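The following paragraphs lead the reader through selected parts of a protein structure. Please keep the sequence and the model in view while reading.

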Amino acid sequence: MADYAKLENNIVTNIVVADQEWISTQPGIWYLVPENALPQHSAVIGAKYDSLNDIFIQPKPYPSWILNSNNIWEAPIPQPEDGWYIWSEEINNWKKVM
């Protein structure tokens, strides 16, 4: 048994745990998800499969965030390290929560 991601236009629309025999009977394009995928490049619903780099790019969390050279979304402003913060798209900055 392994994880398989169903791709439609290179976007993950479903993820199942199955064997190759069952997957071969299913319509559509199914991709065997590597067991050693880094969390930031794992298959999740809505992720885009980048066949050139053989990774999944996570859905964009906020409109202002930018895809960096490692194919990871990051805020336009680095997160402060002096407490707990959440991103606020309204002010385009981090808000301290604790």
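In this predicted model, Ser 88 has a relative accessibility of 7% and therefore counts as buried, since that value is under 20%. Ser 88 belongs to strand β8, which covers residues 85-88. A polar atom of the Ser 88 side chain lies 3.4 Å from the backbone nitrogen of Ile 91. When residues up to four places away in sequence are not counted, Ser 88 touches Asn 93 and Lys 95.

Attention now turns to the start of the chain. Strand β1 (residues 2-8) and strand β2 (residues 11-18) run antiparallel and are joined by 7 bridges. The hairpin formed by β1 and β2 has 2 residues between the strands, and in this hairpin Asn 9 takes a positive phi near 55°. Strand β1 also pairs with strand β3 (residues 29-32), again in the antiparallel sense, over 4 bridges. In this second pairing, Ala 5 has Tyr 31 of β3 as its bridge partner.

Tyr 4 is a residue of strand β1, and its bridge partner in β2 is Val 16. Is Tyr 4 buried or exposed? Tyr 4 counts as buried because its relative accessibility is 6%, under the 20% cut-off. The side chain of Tyr 4 makes a polar contact of 3.2 Å with the side chain of Gln 20. Beyond its neighbours within four places in sequence, Tyr 4 is in contact with a number of residues, among them Val 16, Gln 20, Ile 23, Trp 30 and Tyr 31. As for Ile 23, 19 residues in sequence separate this residue from Tyr 4, while the distance from C-alpha to C-alpha is 8.0 Å.

Methods. Residues numbered from 1 in each chain as written. Predicted model: local features only at pLDDT ≥ 70, side-chain atom pairs only at ≥ 80, totals over all residues. Heavy atoms only, no water. Buried < 20%, exposed > 50% of the residue type's maximum accessible area, 1.4 Å probe, protein only. Polar contact = N/O pair within 3.5 Å; in protein donor to acceptor, adjacent residues only side chain to side chain. Contact = heavy atoms within 4.5 Å. Pairing = 2+ DSSP bridges.
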